[in-house]
Amino acid sequence: MSIQKQERTPSWTGLGVGTDRKSFLDAISSQIPDYEADKAAEAVFCALSERLSGSWVAHLREQLSPDVRELLRGCHRHHGEAPAKLDRDDFYLMVANHLNAEPENVRLVLHGVFSALHAQITEGEAKKLEQQLPAWLQGTWAAARMHVDRPY
């Protein structure tokens, strides 16, 4: 009798271990139950789309399943604009304002969304994206990938 190895379901691209929208939002909810998962994802994606180049936002969207992609459409007011070089405070404030949350809770929100996002993309893509992030955001991205240093 042999034991079969359970394999992860590949994402729609066949590259990662992506899931559908419900599973993605459930993963966020498990990390940050005090926030609406879809709003948290939209807030973080909006800030990322403001900070990353349009080509990187498009590249990231392509890594996601079609029903999760919708959350990364970016804020309507940012379409067609060049990315802003937001500093840490402005980035955190953008997420906080989007969620109507306290700025000191934003790192927890980022960690929860980043953790769920890591399950959507391959390790290689996660590393490429990390290189596009400013140094002050790379630590949160890496901690979420390794499921460590979850802020409280």
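Asn100 is exposed, at 74% relative accessibility, where exposed means over 50% relative accessible area, buried under 20% and partly exposed in between (1.4 Å probe, protein chains only). Asn100 lies in the loop between H5 and H6. Its phi is near 55°, a positive value in a residue other than glycine. Most residues other than glycine have a negative phi.

The model is predicted: local features need pLDDT of at least 70, side-chain atom pairs count only at pLDDT 80 or more, and totals for chains, interfaces and linings use all residues. Residues are numbered from 1 along each chain as its sequence is written, and side-chain values use heavy atoms, with hydrogens and water left out.

**Overall layout**

The protein has eight helices and zero strands, in the order α-α-α-α-α-α-α-α along the sequence. Helices (H or I, at least four residues) and strands (E, at least two) are DSSP runs, numbered from the N terminus. Of the 152 residues in the protein, 48% are buried. The accessible surface is about 8400 Å², and carbon and sulfur atoms account for 49% of this surface; the areas come from the Shrake-Rupley method with a 1.4 Å probe. Among contacts between residues at least 6 apart in sequence, 71% join residues at least 24 apart, a contact being heavy atoms within 4.5 Å.

**Core**

The largest nonpolar core holds 44 residues, and Ile28 and Val95 touch the most other members. Such a core is a set of buried Ala, Val, Leu, Ile, Met, Phe, Trp, Tyr and Cys residues joined through side-chain atoms within 4.5 Å. Two or more residues come from each of helix H1 (21-31), helix H2 (37-51), helix H3 (54-63), helix H5 (88-99), helix H6 (106-118), helix H7 (123-132) and helix H8 (135-145). Not counting residues up to four places away in sequence, Ile28 touches Ala37, Ala40, Ala41, Gly112, Val113 and Ala116.

**Packing of H2 on H5**

Two packed helices are described by the angle between their axes and the distance between the axes. For H2 and H5, the axes come within 9 Å and cross at roughly 145°. Axes are lines fitted to C-alpha atoms, for helices over the stretch in contact, with angles from 0 to 180 degrees between N-to-C directions. The crossing of H2 past H5 is right-handed, meaning that the near helix is turned clockwise from the far one by less than a right angle. On the H2 side the contact includes Lys39, Ala40 and Glu42, and on the H5 side Phe91, Met94, Val95, His98 and Leu99. By class, this contact has 10 nonpolar, one polar and four charged residues. Ala, Val, Leu, Ile, Met, Phe, Trp, Tyr, Cys and Pro count as nonpolar, Asp, Glu, Lys and Arg as charged, and the others, Gly among them, as polar.

**Selected helix residues**

| Residue | Relative accessible area | Class |
|---|---|---|
| Lys22 | 56% | exposed |
| Glu130 | 19% | buried |
| Gln132 | 35% | partly exposed |

Lys22 is in helix H1, and its C-alpha atom is 9.6 Å from that of Asp38, 16 residues apart along the chain. Glu130 is in helix H7. Leaving aside neighbours within four places in sequence, Glu130 is in contact with Gln138, Trp141, Ala142 and Arg145. Gln132 is also in helix H7. With neighbours within four places again left aside, Gln132 is in contact with Leu52 and Trp56. Gln132 and Arg51 are 81 residues apart in sequence, with a C-alpha to C-alpha separation of 9.3 Å.
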